[in-house]
Each structure stands twice: as structure tokens, then as C-alpha cells.
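Dear colleague,

Please find below the structure that I am handing over to you, with its sequence. My findings are set out after it.

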Number of protein chains: 2
Amino acid sequence: MEAQREKIVDQVAIDAVIEILQADFGDRLSQAQAVRERFGKDESFHGSAPPDAVVTPHTTEEVSQIVKTCSDYQVPVIPFGTGTALEGHVAALHGGISINMQEMNQILEVHDEDLDVVVQPGVTRKQLNRHLHDRGLFFPIDPGADASIGGMAACRASGTNAVRYGTMRENVLALTVVLADGRVIKTSRRARKSAAGYDLTRLFVGSEGTLGVITEVTLRLYGIPEAIASAVCTFTDLDSAVSTVITTIQYGVPVARIELIDEVQIDAINKYSKTDLAIAPTLFLEFHGTDMGVEEQSKIVQGIAAESGGSNFEWTTNTEERNRLWQARHDAAYACKALVPNGEIWATDVCVPISQLAECIRETQADIRESKLIAPIVGHVGDGNFHLVLLVDKDNAEEVQRAHALHERMVMRALAMGGTCTGEHGIGYGKLDFLIAEHGEAVNVMRSIKQALDPNNIMNPGKVLRV
Amino acid sequence: MEAQREKIVDQVAIDAVIEILQADFGDRLSQAQAVRERFGKDESFHGSAPPDAVVTPHTTEEVSQIVKTCSDYQVPVIPFGTGTALEGHVAALHGGISINMQEMNQILEVHDEDLDVVVQPGVTRKQLNRHLHDRGLFFPIDPGADASIGGMAACRASGTNAVRYGTMRENVLALTVVLADGRVIKTSRRARKSAAGYDLTRLFVGSEGTLGVITEVTLRLYGIPEAIASAVCTFTDLDSAVSTVITTIQYGVPVARIELIDEVQIDAINKYSKTDLAIAPTLFLEFHGTDMGVEEQSKIVQGIAAESGGSNFEWTTNTEERNRLWQARHDAAYACKALVPNGEIWATDVCVPISQLAECIRETQADIRESKLIAPIVGHVGDGNFHLVLLVDKDNAEEVQRAHALHERMVMRALAMGGTCTGEHGIGYGKLDFLIAEHGEAVNVMRSIKQALDPNNIMNPGKVLRV
């Protein structure tokens, strides 16, 4: 699917902005075709929509200066983290200036006693965790990719640990944001909680660059647990696996990760990661706590799983084995890519109340079979969130059409079950219609807020809302 | 302090609205002086500002009808839960119609498997927990008062369990809201997480009725833990108590409650609740988990406390003893009231990064002594949040003045330490200036949002923002 660049922006204005920014940023501004192509594309199946130029700031003040200049000429601004989004979030649909945040990658302050950290937005999650490791601290949010913290905040990222630690929504304490007119605000303080005014932090978390550019992030941290144990358990059918998850959570076991991988995905993982997992619906689990605590948790879940017919429950506290297991899980998307000649995948996700999860996945699997498509499923099932990875030949228009229809049916199925059209990938420009299907009149409230904060629609235009 | 009713509203308009609503609601509309006085006053030291009438709807549609009528005539609308707020949140500063939500008190749906519940806003937290008890579920957020869920959502309420379970910010999944023009929206679905669009749920949580009226709330629930243990521990000084808290949290002990009570408050509790607690800085703790888990947690904390010089560490899993302890904690405000002849208290709170907590409380205690005031301190110290209860004779203007000066210094101290002017009480009309001191330019962003959603400023005008 090629992004259609809609020329609503005056080329004279763009040229004027580039001239000004070139004078200010020198070789930190690029108009090279290859650079523009790269910054107009994320990891999704959506095509590239290159910006007119890419500029690389180092400070909040410089970001403000860029946005102010773009604002003066009403030229679009697209913030770029690592380009690992999945719904075309960074595509310059209307041209404009891509702000490359990757050189704003300093960890500014670590507050051990307060369990928080202040970082620039270009810091990646792995970089952060390497930095924190020797202090006995970690940051739990882990989308598959080594995304930037700024991008993760902007997209309300989540991942395998969300069932225990929450998502970026729960773990961002404060943001520094450059607004559409260049003003700089801080959305909150470092205090753990506050009842002081509207929750601007949560408003910008998940706004996908459409309300402002995030230039500093304060995050909650956690102590690295004394003990970490992992477990794998296979099931004869999906319902048994999901009912194990439901009972585990109802029981109050503070499971850190509980991931469902369907048989198609297990097969792909075995091939890619050279594992020999039984080809059946499988739960990957992780427990955090004291030595005694993780053993107790693991035993409780083993008992629950056994009652649901789970078998081969294997658990380990061995770091190497654990890492191999979770690397295999995180490589799921790459394992899918390896299944198809051109390596192109179309990843999407929905999230439903957990009571609806087994039915939603079962119906979706049946639909996949009927649609004669290959689409492995993995899920952060503790949250009711699952991913479909559609393996589609982009050059086969008929197949793409079938995939679109399947995708739409899956989203509508999730909505009908009280779910959401995306648990963690976001709207970008790939799910604009689904946002409307999900939220109805509330989309007009979002639009009112967008218009109030970005009246000229220069902040990542065409994402979240068509405006 | 008497609330000044500013007559910006046309009496003709108010009379017209009352006439229409009277026709629609009959004796569910009251203009009686006593009723109006009661609905214009919360539990704070702020004076009453009676609305012109109080109307009692039963459905979202009726709320929409009321707001629509008020909108047509640009008459203020003030939602009223239980009137237990602490910053004048329900005062009809500009007159208008108070919407009494107390008869919208149905628990609509309990989803055991999904651990969520849908309630009308007039349901109180104790009513909800009574309803849930037999299902083995509970809702943890517990401000001292038996507040309504709608009011708690509107004010981003918190309480003793927040260190483990979060605040209303983390525990509201979705809201139905009547907007300023009478439109009805649903902010989200029941899914545990979503990356679909702006986080309207969090925008309305904590907006104190200034952006809309909450008419339905979906909440997260939790399984009642297998075991609950409580503990009390006294310290020779404040720093030792706070350092015990910091180490406990860094260690990752999932403590459910960790409350600090200073010696002045302990004395008041002993007198009021007939307890014989040692008069010293004291921690009240609670642990939730398995039998083995709570014992392990308790032993870890006992060890940490002992290293900081804590003594008399006593723990119990006996329900009666636990309840007595926590009743004493929840009665802290009433214990303060009993210390003064007229029973009037001025409760306020701030929240700071926990590393700053001991210093902030110590300086505040010194300031209280120098100001020759009596002001017990209790704190949800796991979050860095503490309360000051000023015992002030309202008729003594000089004393009130001294209290104001002390209060202002405390808030400014908290802000200087990276804290917030209120951890859980909110802004109401009592902390308007402090909101500005805390947020600066971000207040203008809040104002832009307010103007976008409530252009005629009819929703609880004069609260959060002066506009």
C-alpha cells in the first residue's frame, strides 16, 4: 500500500523553512533521497512517504526552534524515534520536516531512591536498561523492537510485561513537550501521583506526535527482582490455555509475563530459532519475586494449568535458558518474516476483555483458514491483547484484498466484544476508520482537542485523526 | 473563608432553566434553602456557595437533558457526589444547578472473569465492596470518606492502597460522560489497554466536573487476597521511618499499604480511638498475598525497619485486630476534629518524590511549631504523599492568616522539591494559584482544552481554572 502524498502544503513555504533550518542546523539537515525515504517509513506494511527534509536537533530548545519555524510557515512536523512503529506513524503524508530524535539520547538523571529516571527521547529501551543494570534497577516496558523511549511514550507502547507493570500510560511520570507553536511545557512533576489539574501527561502519551513533540521523559523504574523464573506449558486447545490465564489472574498471582503463542507461530519459531517446542497452543510465563515467591507462583500456575489439561510444564530460573526462551518470543515477528520469500509481514493487533479472548482468537483462526491466508497469532493474553501477523504478498492484489477483509472482520469482532481496535500498535494512518468505529462521537472530542492545541494541523498531520 | 458568589449569571436565565427542569423533574428538583446550603458545601473549610436549585436525575439521558437545558441558557452545572471533597469542589461559585448523582447508584454489571465492574456514579466505594465481597473481589481505592465512585473518578481519588494498586487514574477503565452541550460519549472500552487515540478516560479522571458530568464508570477489580496481614512499627525519628519506606519499596516488597503517622496525630488517635499506641513516628503497614507471601513480606520489612532502629514491630493476620488498626487510621481526620472545640479542620495535602519526603515533613513540622499551630501529619508515604490537618479557629482572623502563610510555605516547599501542590485532594477553588505555581505555561494548555470542550464555561466554573 503506497502512502498517497497529498499536496496541501505550499512548496514555497517548505523551501523557506528548509532554507532557515539549513542556516541553523548545517549538516544536521538532510535532503538526500535515501535519508528522506528511510525517515518516511516505519516497520509496517505501509509505504514510505518521505519528508522534504530531516533535521537532527540536540536540545529541547532546538526542537522548539524547528517547530516554531514550521509553525510560521504552516509546514508539517513529523517526530521520528527509531522508525519501529507499525501503522505508518512516521510517514510524511503531507510532506514537511521529519525531526530525527536519535541524537537526543542522553540519560539525564537517575533517582535511585525515587525509582525514576529522566531521559531524552532518543534513548532506546535497551540502552536504558544497560545503563540501569548495575544499579539494580530496570524499566519493564518492552515492545519487541528496541524502540526509543520518546516513540514509546508517543505511541503508548506496551509489551510482554504489561500484565504486571502496566504500559507507558502507567509508567510515564512526566513529559517535556514542544507544542505546535514552539511553546515548551512540562506536563507534570516527579511526584508519584498528583491531583493537580488535567492529566496532560496521559494526554500526550499515545498522541502519536499529533499534539506536540516529546523532548524529555520521566519514567518509573523498578528494582530488579531477587529471583526471576520462566515457564513453558503446552495445551491441547486454545480455550484451555486462555482459561489457565483467566484463573491465574483471578487468583491474584502477580505473573510478570503470560504470553500465548498459537501452533502456527510455534512452528515458525521452531524453524527460525532452532527450538523444538511442541506444536500446540503454548503459554510462555515469567515470575518475578523472591526465590520463595517465584517458586510458589510457579507451583500455583502449574496446578491451575494441570486442571485445564496443560502439559509439559517446565520452569527454570537459569538465566541462559530464560533468555533463550524470551529471545525466541521476541523474534516471533522475524520468524514470521522468514516464512515468506520477500520477508514482508503485516502485523496488527486488537485487545478484548479477557473473557472474550478465546472466542475472539478461535473465530479469527477459523476466518484465517477460510480466507486461505497464513497468519500466526501471539498474544499478551494477560491483558486480552493479541497480534496477528499476516504473511501477504504485496504484489498479489487479490491476496492483499483478502487480507484487508480478514483484518477488518477481526477488528469488528473485537469491537463487538467490547474490545479495542489496537491494544498497543496505535492508529497511525492505518487504523483511522477503525478509531471512528470504536469511539464514535468521542472522536469529535479528540478532534476538538487537536484543533485547540494544533489549529493549523502541522503536528504529524493525517495520523490518529484525518482532521 | 466565605465563598464569594460572583453574579455573572443572568437571574432570568436561571429562572427559565429552573422552570423547565421543574416541569421535567417535579419533586426531584429542590430550591429549599437547607438543601441548597448542603449541596454548596463539601467537607473542607471552604464556605458554602449554594446552587440555585438541586436536581436529582436517574439516567444518563436525564443528565444530558439537564446539561442541555443549562447549556441553552448558559447556566452553570455542578455535579455532586457525596460532598466529601476537600477543596470546595461542589461550591456553586457562580450559582446554577447542582446535579445530585446520589440516586444514580446502581451497580450495572460485574464481570468476574475480566475483573471489572460497571457502575453508576452515585455508587459509594463501601457499597461497591459490600456488593463484591461474596464474589471474592474488591475495589482497592479508599479515600477516608465513603465517597461516590463518580466523585472519586472526577477528583482522581487515591488513598492508602495506592502504593500497591494505583489511584483512580490507574483503575478507571472507561467513563460515560455528558459533555457541556449535552452530547454523551464513552471514553473507552472494557479492554485492559488500548492504543486507540487520545486518552480521554484519563483526561476526565481528575477534571473535577469542569469538562463534563460522569454518568457511568468502568473500574478494574482485584481478587481478595488469600491472606492479609497488618503491622505497626514505631521509630525514634521521622528519617528512620521514611528510610524504612524507601528501602522497602526499592527492595520490591509489594506492600499494599504503608502509612506514616506523626507523634501529634498518634496522640490524637489514642484519645479518639481509645488506642494505646506509643507516641512516636509510626508506620502502619498492610501486606496482601498468599499465607507464605505475607509472612515473608512482613519479615523482610521487619528486618529493614530494625536496621533503621524501628521497634515494637507487631504484625497480625487477625481480621478484627486489622480492622481496628485501619479504622483508627481512617478516623484520623475525626480524631483531629475532636481536638478542637468547634470541630473545624482544614485538611490539605502535598506529594513529593520520596527521597525528599523526610526533609519536607521535618521542615514542615518545624514550621508548624514556629507558627504556634497544631497540625497533625499523616502520610501515604509509599507515594511520597502526606496530609496536614490544620486545627484553626475560623473566627480568629490572625490565626487563620498564620495558617494560610504556613500552608503556602508547605506547598512551595513541596514544589521546590519536585513535588505537586496536591497528591489527592485536588484543586477545587482552594488551590487555583498553586496550580499555576506548579504548572506554569501548562495551565494555558489546560485552559485551551477547557475552552475547546466547554466554550461557555458552564461546567463547574471557577474550579481547577479561573478561566
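The notes that follow go from the single chain to the pair of chains and then to individual residues.

Please bear in mind that this is a predicted model.

**The fold of chain A**

Chain A contains 17 helices and 18 strands. Its radius of gyration is 22 Å, close to the 23 Å given by the globule rule for 467 residues, so chain A is as compact as a globular protein of that length. Along the principal axes, the C-alpha atoms of chain A fill a box of roughly 70 × 60 × 40 Å. Of the 467 residues in chain A, 61% are buried. Where contacts in this chain join residues at least 6 apart in sequence, 72% of them link residues at least 24 apart.

One strand illustrates the interior. In β3 of chain A (residues 77-80), Val77(A) and Pro79(A) point one way while Ile78(A) and Phe80(A) point the other way, and all are buried. β3(A) pairs in the parallel sense with β4 of chain A (residues 97-100), over 4 bridges. Within β4(A), Ile99(A) is the bridge partner of Pro79(A).

**Domains of chain A**

The domain assignment divides chain A into domain 1 (11-101), domain 2 (103-223), domain 3 (227-334) and domain 4 (339-431). The centres of domain 3 and domain 4 of chain A, taken over C-alpha atoms, are separated by 22 Å. Between these two domains of chain A, 17 residues of domain 3 are in contact with 16 residues of domain 4. On the domain 3 side, α9 (238-250), β13 (257-261), α10 (263-273) and α13 (332-337) of chain A each supply at least two residues. The largest share of that side, 6 residues, comes from α9(A). By class, the side of domain 3 of chain A that touches domain 4 of chain A has 13 nonpolar, 1 polar and 3 charged residues.

**How the two chains meet**

Chain B is superposed on chain A by a rotation of 180° with 0.0 Å of shift along the axis, at an RMSD of 0.0 Å. The two copies are thus related as by a two-fold rotation axis. In the interface, 76 residues of chain B are in contact with 76 residues of chain A. The elements of chain B that each supply at least two residues of the side touching chain A include α7 (168-171), β9 (184-186), α9 (238-250) and α11 (291-307). The largest share of that side, 8 residues, comes from α17(B). The residues of the side of chain B that touches chain A divide into 32 nonpolar, 26 polar and 18 charged. Of the interface residues of chain B, 100% are also interface residues in chain A, so the copies meet through the same surface.

Ala195(A) has 29 other C-beta atoms within 10 Å; because the cut-off for a buried residue is 20 or more, it counts as buried. Leaving aside neighbours within four places in sequence, Ala195(A) is in contact with Cys155(B), Arg156(B), Gly206(B), Thr422(B), Gly423(B), Glu424(B), His425(B) and Gly426(B). From Ala195(A) to Cys336(A) the C-alpha distance is 45 Å, and the two are 141 residues apart in sequence.

Glu208(A) has a phi of about 55° and is found in the loop between α8 and β10 (212-220) of chain A. Glu208(A) is buried, with 28 other C-beta atoms within 10 Å. Lys274(B) also has a positive phi of about 55°, and it lies in the loop between α10 (263-273) and β14 (282-289) of chain B. Lys274(B) counts as exposed, with 9 C-beta neighbours inside 10 Å.

Phe313(B) lies in strand β15 (residues 311-316) of chain B. With 18 C-beta neighbours inside 10 Å, Phe313(B) counts as partly exposed. Apart from neighbours within four places in sequence, Phe313(B) is in contact with Ala231(B), Cys233(B), Gln302(B) and Ala305(B). Phe313(B) and Met101(B) are 212 residues apart in sequence and 44 Å apart in space, C-alpha to C-alpha.

With kind regards

Methods:
Residues are numbered from 1 along each chain as its sequence is written. Chains are lettered from A and ligands numbered from 1 in the order in which they are written. This is a predicted model: local features need pLDDT of at least 70, side-chain atom pairs count only at pLDDT 80 or more; totals for chains, interfaces and linings use all residues. Two residues are in contact if their C-beta atoms, placed from the backbone, lie within 7 Å. Ala, Val, Leu, Ile, Met, Phe, Trp, Tyr, Cys and Pro count as nonpolar, Asp, Glu, Lys and Arg as charged, and the others, Gly among them, as polar. The radius of gyration is taken over C-alpha atoms; the globule rule is 2.2 Å times the number of residues to the power 0.38. A residue is buried if 20 or more other C-beta atoms lie within 10 Å of its own, exposed if 12 or fewer, and partly exposed in between; C-beta atoms are placed from the backbone. Two strands pair if DSSP finds at least two bridges between them. Copies are superposed by least squares on the C-alpha atoms of residues with pLDDT of at least 70 in both. Domain bounds come from an automatic or database domain assignment.
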